[in-house]
Amino acid sequence: MSNYSYNNLTALEKELVFHSFSRADAAALGAMLDEEGRMCGCPIAMEITINGLVVFRYFQDGCPPDSTNWLARKRRVVDEQGMGSLRFGKMLEENGETLEDHKIDSMTHAPGGGGMPIILHGTGIIGSVCVSGCPDHLMDQEILISSMRRLIKYKS
């Protein structure tokens, strides 16, 4: 899905809903993200939070030092906006708005691909999954989508 729009990202978030999500699931998702990143050939950083607690964080060999900052910027968008970072970016783009229009600092928030909410069926958002490191933020998004779909399929 490389033709991203606000509407299809909204539908994607409705698709990627878990019936349960534990710290063990975070570790399994992290392993899948690691594998997907290696297949893409770019060193990625990844972080998974549950209820504000970082339960998984891994930096593949070769990740630049600013990876921590990029993960935090994507996580802030997910946490504060209640949606994926790319979906928020597309909302801004499609509405002709900027972060500044929403009084959001571009140095602390990244409204692009690579941040997704962890949504629990019947509960709502319980955390986030963030990936950074690919030369194109849409590749970060593809790694996330593929890995989340794999975990949902594995758990069903």
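1. In which helix is the place of D140? D140 sits in helix α5, helices being DSSP runs of H or I with at least four residues and strands being E runs of at least two, both numbered from the N terminus. The model is predicted, so that local features need pLDDT of at least 70 and side-chain atom pairs count only at pLDDT 80 or more, while totals for chains, interfaces and linings use all residues. Residues are numbered from 1 along each chain as its sequence is written, and side-chain values use heavy atoms, with hydrogens and water left out.

2. D140 is buried, with a relative accessible area of 2%, where buried means under 20% relative accessible area, exposed over 50% and partly exposed in between, for a 1.4 Å probe and protein chains only. Leaving aside residues up to four places away in sequence, D140 touches K74, G113, G114, V131, S132, G133 and C134, contact meaning heavy atoms within 4.5 Å.

3. Two packed helices are described by the angle between their axes and the distance between the axes. For helix α1 (residues 6-15) and helix α5 (residues 137-155), the axes come within 11 Å and cross at roughly 30°; axes are lines fitted to C-alpha atoms, for helices over the stretch in contact, and angles run from 0 to 180 degrees between N-to-C directions. That makes α1 roughly parallel to α5, a term for angles under 35 degrees, with over 145 counted as roughly antiparallel, 65 to 115 as roughly perpendicular and the rest as oblique. The contact is made by L9, L12 and E15 of α1 with Q141, I145, R149 and I152 of α5.

4. The axes of α1 and α4 come within 9 Å and cross at roughly 155°, which makes α1 roughly antiparallel to α4. On the α1 side the contact is made by Y6, L9, T10 and E13, and on the α4 side by L86, R87, K90, M91 and E94.

5. Helix α3 (residues 67-81) has 15 residues and reaches 21 Å from its first C-alpha to its last, close to the 21 Å expected at 1.5 Å a residue, the expected span being 1.5 Å times one less than the number of residues. The buried residues of α3 are S67, L71, A72, R73, K74, R75, V77 and V78, and what covers them includes β2 (45-50), β3 (53-59), α4 (85-94), β4 (115-120), β5 (124-132) and α5. Just after α3, G82 takes a positive phi of about 70°.
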